[in-house]
Amino acid sequence: CAASRQAACSAGCIPVPWLCDGEQQCPDGADEQCGCECCSVPSVCGAKKVQCPGTHHCIPYWELCDRHQDCEDGWDEEGCPQQPCLPGQWQCRNRVCIMAEWKCNGIDDCGDSSDEDVCAPCPQGMVRCDEGKCILESLMCNDEDDCLDGTDEPSTCGELRAVAGHRPCGWDRGVMGQPRNCLPAYSCQVCSAHVDIRSGDLYWLAFPHLACPRTHVLCRDGTECVAQEYTCDGEKDCADGSDEDGCAQLCDTPGPPTPCQSHEYPCGLGACLNASLVCDGQQDCVDGSDEGGNCSLPCQRSCTHLCYPSPQGPPLSPQRCWCDPGYQLAEDGLSCRDINECTEWGEGACSQMCLNAPGSYSCGCLPGYLLEPDGHVCKLTGPEPVLLVAVQSEVLSYGLRSGREEVLLATDKDRVVFSLDYDLVERKVFWMDLATESIRWQDLNSGKKGTLVKGVRSDCIAVDWLGRNLYWTDGAAGQVLATRLGAAWRGIPEYTVVMDGDLDRPHSLVLQPLAGLMYWSEVGNHPRLMEATMDGSRRHVLLAQGLGWLTALALDLPTWRIFWLDEKLGSVGSARLDGTSVKVLQLGWVQSPFAAAVCEGQLYWSERKAWSVQQVDKASGKNRTVLLKRHGQPHGLQVPTRGSPKPCCINGCAKNNGGCAQLCLPNP
């Protein structure tokens, strides 16, 4: 047997990860005799991690000797030095003492690299804990210990809440004209209340003017940047509200003011007035331009809809034709043509289906959805939609209406539930187990567990609940593979390679079973978003420009769009399923997304760096909310729903397995 990859068994050789995995592979059961020294577990840990002895559980080096038991047997806290360091020395994360001047000398003197890790600055928007870990600044004073030593929750957090965190500086002239309480290094316009993570002191931080990326604009107070899409959208995103100032003149940007609609009259200062109020003997425009002048002349034009007298002469003429709401004046100045709100307003008109009508429009919903009283938004009918989330060794259910949490399944604590998906038909959860290199499942009705296939590694799995197959990506091999959902592990791999050859590190994968299509991202040297039929044929590129690392994909079938989160560019993007109508939002809180899902008007994703599951409005990227935050990294994430795509194709494997004896792959 290959010593590094295989172990000897009476029936031959088996992969090393199958040792002590809870399932007997050798006829004599030798692979599960884990109480003895012969069951040595191979290291599965990456760089800067250490393996708990006898398990597949990996912990970061900085969790050694951190006064918290991370390995089940407490091995990570054994033999740790207890004496404090002497004057002139510096204590490493692992409690080893080194000379203070050795810190940040480019050499790992501690042995756990903590003397060098603390030297590199944290990314923008993050602060460093005493033990060296960087956390999001927003996690300061949130009543949870995000730093292992609790330095992000000092006693002064109460004062921070009392001052409400953000206010303008008082310009009491002090030394050299500086505002009081500001740091004297800056000539600032604004201060913001902060708690120092080192000392715990509350202070007012002076902000110089920030430099915003080209996709953002600077707020007037100079303390923050907001996305260009958020200016003049009716919501104050800057703390000082400056993103909504001057919006009657299109936020002071060059160009003409917003034109009035066909049934409105333009007042002199940019406001619009209903045409029926013009020349009615009462001044409605602030400048009085809607009265006087030629108002006394009778209307004599042959207008299709309405004719009103006008105070002005040319270019408006003493009388003018006006149109009812929902119409606009045609080029001849007499007739009116219908406004198609569905095309001109786009997604802003309806959340799902838009039906244009003469002078108006109406919204509709797909089967399984109900139109809300506002006449625009569609909500799912039936049981409450839930979010399935993998957090470390557990799969949680989170009610998207009630917020109710429930543990659906729990694996061995030394194993991580990685990518997951859900079978709508048999109510089974499937997940990737990296430690044993296998795809496992559990029936949520009976609690029965099993292994679908072994000897595989994948970043993403996806269930075809209609054609009864499971697909996965193998980035290292550059492949997409598939197996039957009903397959049972019998010691021989039973799967097929669906696509191979020219795939550049395939990563995230989503399926559209009702149409027999699949979409995947490639994160290699030339990032791409791809589409193909589910048998691997008719491959083509949806997008190949302006992409970084698309680590999470999600389909929104009611709107016929695909969403992605880009780890490299820190953005959320979406496009129609034909690759058109691309929209990208640069969002600073997108740090390390793993998986995503869309339900109704919200986009959900798991954020590994912040150890949280978050949501934003899928159209605007606003109203970010942290739904779940646990002591453990979240990975796979799904909202189980069939969706309701437009009728175009059918899954040929849905009936009688397509007539195939083994694996049937749809080709619509």
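**View 1. Ser574 is buried in the model, with a relative accessible area of 6%.** Here, buried means under 20% relative accessible area, exposed means over 50%, and partly exposed lies in between, using a 1.4 Å probe and protein chains only. This is a predicted model, in which local features need pLDDT of at least 70 and side-chain atom pairs count only at pLDDT 80 or more, while totals for chains, interfaces and linings use all residues. Residues are numbered from 1 along each chain as its sequence is written, and side-chain values use heavy atoms, with hydrogens and water left out. You can find Ser574 in strand 41. Helices (H or I, at least four residues) and strands (E, at least two) are DSSP runs, numbered from the N terminus. Which side chain makes a polar contact with the side chain of Ser574? It is the side chain of Arg561, at 3.0 Å. A polar contact is a pair of N or O atoms within 3.5 Å; within protein, one must be able to donate a hydrogen and the other to accept it, and residues adjacent in sequence count only if both atoms are side-chain atoms. Leaving aside residues up to four places away in sequence, Ser574 touches several others, including Phe563, Trp564 and Val582. Touching, or contact, means heavy atoms within 4.5 Å.

**View 2. Four strands make an open sheet in the order 39-40-41-42, with antiparallel pairing.** Strand 39 (550-556) and strand 42 (583-586) stand at the edges with a single partner strand each, so one side of each has no neighbour in the sheet. Neighbouring strands here are turned by 15° against each other on average, direction ignored; the axes behind this angle are lines fitted to C-alpha atoms, for helices over the stretch in contact, and angles run from 0 to 180 degrees between N-to-C directions. Strand 41 (residues 571-576) pairs with strand 42 in the antiparallel sense over four bridges. Two strands pair if DSSP finds at least two bridges between them. Look for Gly573, whose bridge partner in strand 42 is Val584.

**View 3. Strand 37 and strand 38 form a hairpin with six residues between them.** In the turn, Gly536 has a positive phi of about 90°. Strand 37 (residues 528-533) and strand 38 (residues 540-543) pair in the antiparallel sense over three bridges.

**View 4. Gln352 lies in the loop between helix 3 (341-344) and strand 20 (353-357).** Is Gln352 buried or exposed? Gln352 is buried, with a relative accessible area of 16%. A polar atom of the Gln352 side chain lies 2.9 Å from the backbone nitrogen of Leu366. Not counting residues up to four places away in sequence, Gln352 touches Gly364, Cys365, Leu366, Tyr369, Cys378 and Pro558.

**View 5. Ile59 sits in strand 4 (residues 58-60).** Ile59 is buried, with a relative accessible area of 1%. Follow the chain on to Cys71: Ile59 and Cys71 are twelve residues apart in sequence and 7.9 Å apart in space, C-alpha to C-alpha.

**View 6. The chain averages a pLDDT of 77, and 74% of the residues score at least 70.** This score is the predictor's confidence in each residue, from 0 to 100. Over residues 204-209 the pLDDT is below 50, and this stretch has 30 contacts in the model beyond near neighbours in sequence.
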